[in-house]
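Subject: Handover of the two-chain model

Hello,

Here is the structure I promised to pass on. Please open it first, then read my notes below.

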Number of protein chains: 2
Amino acid sequence: MSKQMQCHGGQMGIFGCRFSLYPMDSDFVPIILGALEKTDTSAVWSASDALSTVYRGGLDNVVDAVAALLLNAWREDCHMVLEGQFSEGCPGDVTADLPKSLDPSCPNRESIGEIHFPVSCKLALYPMGTKDYMPLILQVKGMAEEHGLRLNHIHYATRVDGDVQQVFSYLEAVCKLSREHASHYALHFTISMNSPTEE
Amino acid sequence: MSKQMQCHGGQMGIFGCRFSLYPMDSDFVPIILGALEKTDTSAVWSASDALSTVYRGGLDNVVDAVAALLLNAWREDCHMVLEGQFSEGCPGDVTADLPKSLDPSCPNRESIGEIHFPVSCKLALYPMGTKDYMPLILQVKGMAEEHGLRLNHIHYATRVDGDVQQVFSYLEAVCKLSREHASHYALHFTISMNSPTEE
C-alpha cells in the first residue's frame, strides 16, 4: 500500500477488487501473465504481488477490468478459477493509489461484450457496520434469478450458475445496491470455468 | 444445504469452513481427491460440489480438518492455493448438517503436527452486526507478529508469511478472538504454496 497516503477514511466512490486467477494447468504462468497483459488497465490503478492483483478506481471501471481479465484468460480446454473480493468504503482505506479519474470509461467493454460461456459462481456479501444486514443479503439472493441465473443456497455462500456476462452483470448490480445500504461492504466471489466435476 | 432444518438462527459453537484447493497442475484431479481422501473427516460434517467443499462442526475440529487437507495436498514441486472462509454465528445458519459431537477431538493433529513448509497467506476478517468493528480488525493484525509471522498491510486484506503451522495457529486464534467480540463473523483466507513469483 502506498506510503503517500493523502488522508484516511473510507469514501464511497473509491472501489476496488483484489483477485487471483488459478489455471489448473502446469503451464499456468503464461496464462495468467497473458490475461493480465491483454487487459486494458488504463482506467484503474493496479498492483500485483505473489498472491494476488488489486485494481482500484471507479466501480464501473474496476468491474470492466476484472471481467476482461477473466474473459481474456478463458480457453476452451482449461479448468480455471477466479477468486476475488470487491470492496468499497472501508474506514481504513486511503485516497491514494488511484487512477487519474473515477469517471466511467470501461475501455474493455467493446472487446469483451460478445464473449459468452457458462460459469459457476459462489459469492458472500458482507454489509459492515450495521445490525440490520440480513435483509440486504436476502434481497441480493432474490436478484440472481432476475439476472437469468440459477440460484442455489449453500452454507456460508450463495451459488449462481449461468452465462459469464450475466454473472458479472449480477455482481455489479449487487455492489451498486450494497453501496446504497452500507457505508462499507465487501463482496467475495469465486468464478469457476470448465470444471470437470459432474453434478 | 439440508432441507431437514431443525431450527433457524446462528449459534456460536457451530463453526464452518467452505474451501477450495487449486493445484496449478494439469494433473489436478488426483491431487485434490487424494488430499480429501487422506484427511480424517470423522469429527466434521462435510459436503462437496463442483466449486468447493464445506466442513462443519466445532471450531477445533474444523480447523484440524482444513489444515490436514492442505498438509495432505502439499507436494514439493507444485504451486497450489487453498481458498477458504471460516464462519460462525450467521443468523441464517441452521442446527443441522452437523457431526455427532462438537467437542474437540482433532483426529488429524498427530499425523500433521510435524510437517513444516513456508506459505504466504492473505486474510480479511468481517465482524458482523456491529458499528465498532475496526478495533478488532486492528487487534488481529497486531497478533500476526506474536505468532511468528511477517506482516504486510495490503489493500482490502492483510498478508502474513511464515510456516504453515504458525499460519493455521494464527487463523485459529483470530476466530477464537472474534467469537468473543461478534455474534457473527467471517474470516476469508487464501494460502499459497510454492509460488514461482519472486518478490
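Two residues are in contact when heavy atoms of theirs lie within 4.5 Å. By that rule, 58 residues of chain A are in contact with 58 residues of chain B. Please keep in mind that this is a predicted model.

**The interface**

Chain A and chain B bury about 4800 Å² between them. Carbon and sulfur atoms carry 64% of that area. On the chain A side, Leu51(A), His155(A) and Tyr156(A) lose the most area to chain B. Together these three make up 19% of what that side buries.

Polar links cross the interface too. There are 28 residue pairs in polar contact between chain A and chain B, both residues being at pLDDT 80 or more. Several elements of chain A give two or more residues to the side that touches chain B, among them helix H1 (28-38), strand S3 (53-57) and strand S8 (185-193) of chain A. Which element gives the most to that side? S1(A) does, with 7 residues. By residue type, the side of chain A that touches chain B divides into 28 nonpolar, 19 polar and 11 charged.

Salt bridges also span the two chains. The rule finds 4 of them across the interface of chain A and chain B. Glu83(B) forms a salt bridge with Lys122(A). Their closest N and O atoms are 3.2 Å apart.

**A buried serine in chain B**

Ser87(B) lies in strand S4 of chain B, which covers residues 80-88. Is Ser87(B) buried or exposed? Ser87(B) counts as buried because its relative accessibility is 4%, and buried means under 20%.

**Salt bridges around Lys176(A)**

The structure holds 16 salt bridges over all chains. Lys176(A) takes part in a salt bridge with Asp60(A), where the closest N and O atoms are 2.9 Å apart. This pair links distant parts of the chain. Lys176(A) sits in helix H5 (residues 164-181) of chain A, and Asp60(A) in helix H2 (residues 59-73) of chain A. The two are 116 residues apart.

Lys176(A) also forms a salt bridge with Glu172(A). Here the closest N and O atoms are 3.0 Å apart. Glu172(A) and Lys176(A) are separated by about one helical turn, because they are 4 residues apart in helix H5 of chain A.

How accessible is Lys176(A)? Lys176(A) is partly exposed, with a relative accessible area of 30%. Asp60(A) counts as buried at 19%. Glu172(A) is buried as well, at 17%.

Asp161(B) forms a salt bridge with Arg159(B). Their closest N and O atoms are 2.9 Å apart. Asp161(B) counts as buried at 9% relative accessibility, and Arg159(B) counts as buried at 6%.

Best wishes

Methods. Residues numbered from 1 in each chain as written. Chains lettered and ligands numbered in written order. Predicted model: local features only at pLDDT ≥ 70, side-chain atom pairs only at ≥ 80, totals over all residues. Heavy atoms only, no water. Salt bridge = Lys/Arg side-chain N within 4 Å of Asp/Glu carboxyl O. Buried < 20%, exposed > 50% of the residue type's maximum accessible area, 1.4 Å probe, protein only. Buried area = accessible area lost by both parts, 1.4 Å probe. Polar contact = N/O pair within 3.5 Å; in protein donor to acceptor, adjacent residues only side chain to side chain. Nonpolar A, V, L, I, M, F, W, Y, C, P; charged D, E, K, R; others polar.
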